[in-house]
Amino acid sequence: MEGGVQRFGRLREWLDGRIGLKDLEKLAQKKEIPVHRHTIWYYLGGMTLFLFMVQVSTGILLLLYYRPSAEEAFESVQFLMGEVQFGWLIRSIHAWAANLMIFTLFVHLFSVLLLKAYRPPREVTWFSGVALMGLAMGFGFTGYLLPWNELAYFATKVGTEITGAVPVMGPFLGRLLRGGDDVTGATLTRFYGIHVAILPATATALLGLHLYLVQKHGMSVPPDIERQGGGQRRMPFVPNFLLRDIVGWLAALAVLAALAAYFPAELGKKADPFLPAPAGIKPEWYFMFMFQSLKYLPAHILGIEGEIVGIVAFGLGGLFLLLIPFLDRRTARGEPSRLFTWIGIAIIAYMLLFTYLGYTASATK
Amino acid sequence: MAEHVLEPDSSRRGFVNWFLGLSGVAFFLSTVYPLSRYLVPPRVAESTAGTVTLPIKPDDVKANSGEIFKFGSRPAILVRTPAGDLRAFSAICTHLNCTVQYRTDLTQIWCACHNGHYDLNGKNVEGPPPRPLDAYVVNVRGNQIVVSKSA
């Protein structure tokens with residue numbers, strides 16, 4: 001026992017001399033988490049990170065069987081689901097963790113928005129977070145196509161067409177994304193490259209920046225708690241907060257396993273460009289509020305195609321969300337900012353309402 | 001050689017800096033240009049099919065029905081109206097590119113993606129489509145249906 005400790009001690013010393021283990025240790029010990037009535041929201045970022053890790057590992061496993069071509073993609077996923085032992089489990093976890101990750105990411109983002117954690121000096125943390133949300137949606141959009149089934153095929157047609165309708169740059173971007181004029185095998189290859197190389201590389205870099213900034217600035221204490229003189233109580237990150245984090249992650253893993261086992265990912269029918277779009281075509285739930293909004297727009301608004309008006313509006317909405325740290329001057333000055341609390345609530349309400357309508361309003365009349 | 005004589009040195013430095021900057025720009029452009037050209041997919045020749053003979057016999061198309069067929073590399077739809085006329089349109093919804101289908105119950109062409117409706121002249125009558133479907137010319141030659149792009 002004694003010898004073991006000593007041997008570890010020597011290994012530690014050796015490592016410390018080479019990679020500076022003690023500095024890392026000091027850093028970990030220094031990190032503290034404010035304890036107040038909103039502390040619970042601090043867990044969402046770590047939860048999203050955990051689910052991202054799940055995505056990376058299951059994604060790598062899926063790569064071993066997946067074949068990115070229009071002729072083979074569907075069949076390779078079919079083989080994975082039917083023949084490969086636990087193939088269904090890996091794919092179902094990948095699909096479910098993707099949904100849960102986007103969900104926790106949204107909750108994280110909106111909790112940060114409502115608790116005004118974007119205020120100085122954390123503007124860049126907010127920007128990197130909003131950019132990561134964009135990347136997560138990109139992951140979802142590109143990953144959806146990869147099984148090359150009917151639903152994914154038409155959802156991608158619609159999604160890339162929407163990109164193509166963006167004023168000025170649209171047609172170019174649409175072609176760039178599709179790898180041609182239509183959604184074909186070329187689109188699949190492109191989406192595959194984007195999904196497994198470009199997005200992961202970009203997301204890892206941005207995530208590094210995001211985590212570095214969180215580390216640098218520490219957790220933000222909500223302004224209203226600060227004003228009440230709260231937020232003085234702290235708990236150490238290691239081990240108190242980390243252990244609680246891990247409890248959350250284990251719970252998430254259990255939920256994932258249950259979802260994957262009881263509701264395995266479906267595959268549906270292989271995409272056929274010469275069949276009509278099936279009824280009930282729908283995007284992933286996190287695009288639903290936009291999809292549903294576009295449905296309600298008339299063909300023309302003031303002589304402009306309704307679609308374009310909608311796309312520009314959503315683009316401006318995204319830009320507004322990104323620039324909130326600069327627009328919310330009151331919070332930046334340390335004053336209460338009712339307006340931006342209401343804006344946050346309005347955005348959440350809008351997304352919830354239109355998502356609800358997307359699943360309940362009749363698609364056919 | 002004296003160190004305090006800065007004038008000629010600084011102009012040389014300026015030149016070298018300018019030159020370095022220019023090389024930097026040249027390097028950047030010579031990397032970005034091929035890269036951006038690489039990312040843009042090459043133009044594939046448009047499908048030249050101007051006329052298609054369908055693998056469907058005229059008698060097999062019942063009144064008030066529609067069927068998708070390949071027009072070159074794109075889907076198109078053949079419709080027989082309740083009155084018995086044969087018509088053909090591009091099956092690509094003008095809204096967001098989904099493939100339309102014939103709705104017997106509505107006697108309309110319908111797009112499932114966003115609930116777009118077209119009448120039997122291909123005109124957009126309800127929902128989000130901004131334009132009518134492209135119409136093709138249908139000729140029945142003996143036992144064959146020949147569809148061509150409008151002359």
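This is a predicted model: local features need pLDDT of at least 70, side-chain atom pairs count only at pLDDT 80 or more; totals for chains, interfaces and linings use all residues.
**Stop 1: chain A as a whole**

Select chain A. It has 15 helices and 4 strands. Its C-alpha trace spans about 70 × 55 × 35 Å along the principal axes. Of the 365 residues in chain A, 33% are buried. Now think about contacts between residues with a separation of 6 or more. In chain A, 76% of these link residues 24 or more positions apart.

**Stop 2: A:H210 in a helix**

Select residues 185-217 of chain A. This is helix α9, and A:H210 is in it. Is A:H210 buried or exposed? A:H210 is buried, because 21 other C-beta atoms lie within 10 Å, and the cut-off for a buried residue is 20 or more.

Look at the pair A:H210 and A:T125. They are 85 residues apart along the chain, but their C-alpha atoms are separated by 5.5 Å.

**Stop 3: a kinked helix**

Select residues 306-327 of chain A, which form helix α13. Where is the kink? It lies at A:L321, shortly before the proline A:P325, and is about 40 degrees.

Colour the buried residues of α13(A): A:E307, A:G310, A:I311, A:I324 and A:P325. Then show what they pack against. The partners in chain A are α6 (123-145), α7 (150-164), α12 (285-296), β4 (304-305) and α15 (338-360).

**Stop 4**

Zoom in on A:P120 and A:P121. The peptide bond joining them is cis, with omega about 5 degrees. A:P121 lies in the loop between α5 (87-114) and α6 of chain A.

Move to A:V238 and A:P239. The peptide bond here is also cis, and its omega is near 0 degrees. A:P239 lies in helix α11, residues 237-262 of chain A.

Now pick A:V168. It is not a glycine, yet its phi is positive, about 65 degrees. A:V168 lies in the loop between α7 and α8 (170-178) of chain A. It counts as exposed, because it has 7 C-beta neighbours inside 10 Å and the exposed class takes 12 or fewer.

**Stop 4: where the chains meet**

Show both chains. How many residues of chain B are in contact with chain A? The contact takes in 22 residues of chain B and 28 residues of chain A. On the chain B side, 15 of the residues are nonpolar, 6 are polar and 1 is charged.

**Stop 5**

**Stop 6: hairpins in chain B**

Select β2 (residues 65-71) and β3 (residues 74-80) of chain B. These strands run antiparallel and are joined by 7 bridges. Find B:G66, which stands opposite B:V79 in β3(B). The hairpin has 2 residues between the strands, and B:G72 takes a positive phi near 65 degrees.

Go on to β9 (residues 135-141) of chain B. β9(B) pairs with β10(B) in the antiparallel sense over 6 bridges. B:V137 stands opposite B:S148 in β10(B). These two strands form a hairpin with 2 residues between them. In the turn, B:G142 has a positive phi of about 60 degrees.

**Stop 7: an open sheet**

Show β5, β6, β7 and β8 of chain B. These 4 strands form an open sheet in that order, with antiparallel pairing. Which strands stand at the edges? They are β5 (101-103) and β8 (124-126) of chain B; each has a single partner strand, so one side of each is left without a neighbour in the sheet. The twist averages 40 degrees from one strand to the next.

Zoom in on β7 (residues 116-118) of chain B, which pairs with β8(B) over 2 bridges. B:H117 has B:E126 as its bridge partner in β8(B).

Finish at B:T107, in the loop between β5 and β6 (108-111) of chain B. B:T107 is not a glycine, and its phi is positive, near 45 degrees. It is partly exposed, with 16 other C-beta atoms within 10 Å.

Technical notes:
Residues are numbered from 1 along each chain as its sequence is written. Chains are lettered from A and ligands numbered from 1 in the order in which they are written. Two residues are in contact if their C-beta atoms, placed from the backbone, lie within 7 Å. Ala, Val, Leu, Ile, Met, Phe, Trp, Tyr, Cys and Pro count as nonpolar, Asp, Glu, Lys and Arg as charged, and the others, Gly among them, as polar. The bend at a residue is the angle between axes fitted to the seven residues ending there and the seven starting there. Two strands pair if DSSP finds at least two bridges between them. Axes are lines fitted to C-alpha atoms, for helices over the stretch in contact, and angles run from 0 to 180 degrees between N-to-C directions.
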